[in-house]
Amino acid sequence: MSALTVAGHPWTFWLGWAWSVSSVIVTTWIVMQRRAPQSTLAWIIVVNLLPVIGLPVYAYFGPQRITRQRLKRWHTQASLMSQRDLQTLRAHRPEPPLWAVQHARLIEASCGLPICSAYGIELLVSGGAKLQALLREIAAARNHIHLEYYIFEPDHSGGAVLDALAARAREGIAVRLLVDAIGSGRLLSRRHRHVLDPLVQAGGELAVFHRARIDLLRPLVNLRTHRKIAVIDGRVGLVGGINVTDDENEQVRPQDAYRDTHLLLRGSAVRWLQYVFLQDWYYASGRQPAHDGHMLPRGEPPGQLPVQIVASGPDNDGEAIHRAMLDALSLANERVWLSTPYFVPTEPAITALTNAALRGVQVKLIVPERSDSRIVTAAARSYYKELQDAGVLVFEYRGRMFHPKTLLMDSLYSMVGSANFDNRSFRLNFEVAAVLYDRALNQQLADLFEADLSHCRLVPRDRRTPVHQQFFEAVARLGSPLL
């Protein structure tokens, strides 16, 4: 091999030139994206450590793919609903609490969704409870059923939902199921394709969000819909962190099912969940449901509970969930209680958390003792000392995977959704959450948080970690902008 020459030069000479030229091209390309400095530097390091193939790696996995998708999603938004529908949605919206006026305005400005209301909110504190609620509402549907999930498995839980959907489709109910190509890969595989046949044969519709096929030039890990949305008849909506899988169903796996949290909403807030679903459905399938009046039902009670749906994704620069969390942390006077399975914060997020603690706000953080990603667990632990030095109490949930994504601020404000406290949820995935401006719901979630604490250990400030583990955590943190 050493004797191989091309145009009179050894092959190593041309390899060196190819590496140098590709490094200059890729580095210039990355810098011109004008992304966050940490993410930019991380990508520069990664692609320059991969000779020659750095350019295609960045083209396939890098954040510039996000920009190329924006125009298509903007067009779907513009043609999604009639102006009459949108005017109906915006009419008669409640006033937010006085202290939250600017916060609600921030959310609306960053994602376009105004404050709304609900006349009923049910807290679902396990995957089994959520599955039963979903099956109950599917059975009660009279017009349509819309589901969007990151993970939808072809197991006992998924099979129960698919059977229920197929049964309703045979009865003439419009059924639309949207799943993510990566998160629901097993469901979409050839091996399990047959489990979808009854639904499709019954007239149900299936759409896949960003199929992971190289010939379509889709990124394999970015631009995922991480949302968990169910809308039945435009009157009942479910949103939160629970997927359709036995991994989160304690009735199937009583010893090790994920601990998670979900909400069931009734009222006008469901219409905005519907709006988010329809955007994703039209974008993924290219099929727009007819405006036949059942999408936005009239005559629903206005509701007394102020709620605001927050949707974020890489199709715009609003970073609505990221901004909402940062603003809520800045408003805290008494407490901030945060639950998240993946804690890999952005620099503004870690600063906002520590600022709250330094102001004297009680800040408690629950993360899993062992998440389903060793690298993410290590990256999260690399932040412990910084948090603890500021006064943050860090708890690790023991015994099973801890999966809720909730934020409590004082006794007035709560957020429940699909977004983790990490860069991927804030900037790379499509996420959705519900902000609740209600004291009673805050108390229910606070009681749940305290119940979770009984399964946690407080991480000591003098946590003793072997040198090799410290190094692994430090390296994992370096990659945090890419996790």
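The model is predicted: local features need pLDDT of at least 70, side-chain atom pairs count only at pLDDT 80 or more, and totals for chains, interfaces and linings use all residues. Residues are numbered from 1 along each chain as its sequence is written, and side-chain values use heavy atoms, with hydrogens and water left out.

**Overall make-up**

- The chain contains 18 helices and 20 strands; these are DSSP runs numbered from the N terminus, with helices being H or I of at least four residues and strands E of at least two.
- Of the 483 residues in the chain, 56% are buried (buried is under 20% relative accessible area, exposed over 50%, and partly exposed in between, with a 1.4 Å probe and protein chains only).
- Among contacts with a separation of 6 or more, 81% are between residues 24 or more positions apart; a contact means heavy atoms within 4.5 Å.
- The structure has zero disulfides, a disulfide being a pair of cysteine sulfur atoms within 2.5 Å.
- Cys116 counts as buried because its relative accessibility is 3%, and Cys456 counts as buried because its value is 16%.

- Strand 19 spans residues 431-436, and six of its six residues are buried.
- Glu431, Ala433 and Val435 point one way from the strand, while Val432, Ala434 and Leu436 point the other way.
- Strand 11 (residues 305-312) pairs with strand 19 in the antiparallel sense over six bridges; two strands pair if DSSP finds at least two bridges between them.
- Within strand 19, Val435 is the residue opposite Gln308.
- Strand 17 (residues 413-417) also pairs with strand 19 in the antiparallel sense, over four bridges.
- Leu436 in strand 19 is the bridge partner of Ser414.

**Nonpolar cores**

- In soluble globular proteins, nonpolar side chains tend to be buried together.
- The largest nonpolar core holds 46 residues, and Ile121, Leu263, Leu265 and Ile309 have the most contacts inside it.
- Helix 11 (residues 269-285) supplies the largest share of this core, ten residues.
- Another core, of 43 residues, lies apart from it and includes Val310, Ala324, Ala356 and Tyr437.
- A nonpolar core is defined as a set of buried Ala, Val, Leu, Ile, Met, Phe, Trp, Tyr and Cys residues joined through side-chain atoms within 4.5 Å.
- With neighbours within four places in sequence left aside, the contacts of Leu265 include Gly120, Ile121, Arg235, Val270 and Ile309.

**Lys364**

- Lys364 is located in strand 14 (residues 362-368).
- This lysine is buried but has no salt bridge, and the nearest side chain of opposite charge, Glu450, is 5.7 Å away.
- A salt bridge requires a side-chain nitrogen of Lys or Arg within 4 Å of a carboxyl oxygen of Asp or Glu; for charge, Lys and Arg count as positive and Asp and Glu as negative, while His and the chain ends are not counted.
- Beyond neighbours within four places in sequence, Lys364 is in contact with residues including Trp337, Phe395, Phe449 and Leu453.

- Thr377 lies in helix 14 (residues 374-381) and counts as buried because its relative accessibility is 10%.
- Leu196 sits in the loop between helix 9 (185-188) and helix 10 (197-201), and is buried, with a relative accessible area of 7%.
- Leaving aside neighbours within four places in sequence, Leu196 is in contact with Leu162, Leu177, Leu187, Leu188 and Leu206.
- Asp163 is 33 residues from Leu196 in sequence and 9.3 Å from Leu196 in space, C-alpha to C-alpha.
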